[in-house]
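Subject: Structure handover

Hi,

Here is the structure I promised you. My notes follow below it.

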Amino acid sequence: MQHISESSLEHLPSRIDYLRSFIDFTSEDAAALHAAKPVVGPLVPTVVELTGYTGFAPTALTDLKQDHPQIKFRKDFLKAYLVKLVTLDYEKIESWEYLDRVGLMHTGRAGFSHRVSKPSLRVEYIHCAILLGYVEDILVNAVITHPDLDLDTKNAVARAVNKVVWIQNDLFARHYIDQAVASSNVDTITLKRPVALSIALGLLTLGALVAKLYARF
């Protein structure tokens with residue numbers, strides 16, 4: 001049983017502890033990510049082809065070419081990010097602070113040295129979230145289809161990638177969600193993973209029953 005206060009989730013170390021505990025991101029998962037570096041490395045050129053930029057923005061969509069400085073900047077950032085995922089020391093809070101800044105920097109908030117003399121740049125959450133899903137799909141597919149990895153290693157790496165991407169997704173969402181609207185009058189909740197899973201399964205069962213009822217008419 002774990003008691004979670006809403007206020008504690010504003011504190012990054014406490015939030016990371018909760019996320020890691022709930023999704024069961026362990027030192028074994030971190031080791032699996034590190035072991036995946038030789039697999040992820042060759043994928044970097046493929047993955048970075050899908051992204052955008054942060055420098056001087058082109059005035060027209062037709063000006064946005066593959067060799068545009070904005071595209072190059074985004075590709076370089078994503079390349080560095082992918083390397084970080086398979087090299088970070090996940091036992092250090094500094095590593096999670098980096099992943100948290102990745103989320104914050106896309107909201108357009110001031111305070112980042114590389115944008116001091118530039119206008120604010122906001123990337124809406126939907127684009128950030130679906131990009132994470134796209135990157136995860138590429139990484140997981142590369143792992144599970146790799147000819148030189150045994151089944152246990154494929155399973156360990158794929159699960160580790162899934163876990164860290166979901167944590168990263170939360171570290172995006174926390175900066176976009178309006179906490180004043182999202183919060184309730186209850187400051188503390190008690191959550192147990194089996195209970196949460198039971199609720200989810202119950203909702204799925206209810207949905208299936210409703211679908212069957214409609215099918216009869």
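How many residues does helix H1 have, and what distance does it reach from its first C-alpha to its last? H1 covers residues 12-23, so to speak 12 residues, and spans 16 Å. That is close to the 16 Å expected at 1.5 Å a residue. Bear in mind that this is a predicted model.

**Overall layout**

The protein chain has 10 helices and two strands. Along the sequence the pattern reads β-α-α-α-α-α-α-α-α-α-β-α. Of its 217 residues, 35% count as buried. Among contacts with a separation of 6 or more, 67% are between residues 24 or more positions apart. The accessible surface is about 13500 Å². Carbon and sulfur atoms hold 62% of that surface.

Six names make up the buried list of H1: Leu12, Arg15, Ile16, Tyr18, Leu19 and Arg20. Two arginines are on that list, Arg15 and Arg20. Asp24 follows H1. It sits in the loop between H1 and helix H2 (27-35). Its phi is positive, about 65 degrees, although Asp24 is not a glycine. Is Asp24 buried, exposed or partly exposed? Asp24 is partly exposed, because its relative accessible area is 36%, between the 20% and 50% cut-offs.

**Aromatic pairs**

A search of the whole structure gives five aromatic pairs. One of them joins Phe25 and Trp96. This pair is edge-to-face, with 5.8 Å centre to centre and 85 degrees between the planes. It links distant parts of the chain. Phe25 is in the loop between H1 and H2, Trp96 is in helix H6, and 71 residues separate them. Both Phe25 and Trp96 are buried. Trp96 also pairs with Tyr90. Here the geometry is tilted: 5.2 Å centre to centre, 55 degrees between the planes. Tyr90 is buried too. Together, Phe25, Tyr90 and Trp96 form one aromatic cluster.

There is also a charge over a ring. Lys84 lies over the face of Tyr98, 4.9 Å from the ring centre.

**Thr107**

Thr107 is in the loop between helix H6 (93-104) and helix H7 (125-144). Why does Thr107 count as buried? Its relative accessibility is 6%, and buried means under 20%, so Thr107 qualifies. Its side chain reaches the backbone oxygen of Leu104 at 2.7 Å. Setting aside neighbours within four places in sequence, Thr107 is in contact with Leu121, Arg122, His175 and Tyr176.

H7 has 20 residues. From first C-alpha to last it reaches 28 Å, close to the 28 Å expected at 1.5 Å a residue. Its buried residues are Cys128, Leu132, Val135, Glu136, Ile138, Leu139, Val140, Ala142 and Val143. Glu136 is on that list. An α-helix has 3.6 residues a turn, so residues three or four places apart point the same way.

Asn169 is in helix H8 (residues 151-176). At 15% relative accessibility, Asn169 is under the 20% cut-off and therefore counts as buried. Which residues does Asn169 touch, not counting those up to four places away in sequence? They are Tyr125, Ala129 and Leu132. Leu132 is also one of the buried residues of H7.

Best wishes

Notes: Residues numbered from 1 in each chain as written. Predicted model: local features only at pLDDT ≥ 70, side-chain atom pairs only at ≥ 80, totals over all residues. Heavy atoms only, no water. Helix = DSSP H or I, 4+ residues; strand = E, 2+ residues; numbered from the N terminus. Expected span 1.5 Å × (residues − 1). Buried < 20%, exposed > 50% of the residue type's maximum accessible area, 1.4 Å probe, protein only. Polar contact = N/O pair within 3.5 Å; in protein donor to acceptor, adjacent residues only side chain to side chain. Contact = heavy atoms within 4.5 Å. Phe/Tyr/Trp six-rings, centres within 6.5 Å; stacked < 30°, edge-to-face > 60°. Lys NZ or Arg CZ within 6 Å of the ring centre and 35° of its normal. Areas by Shrake-Rupley, 256 points an atom, 1.4 Å probe, with all protein chains shown as cover.
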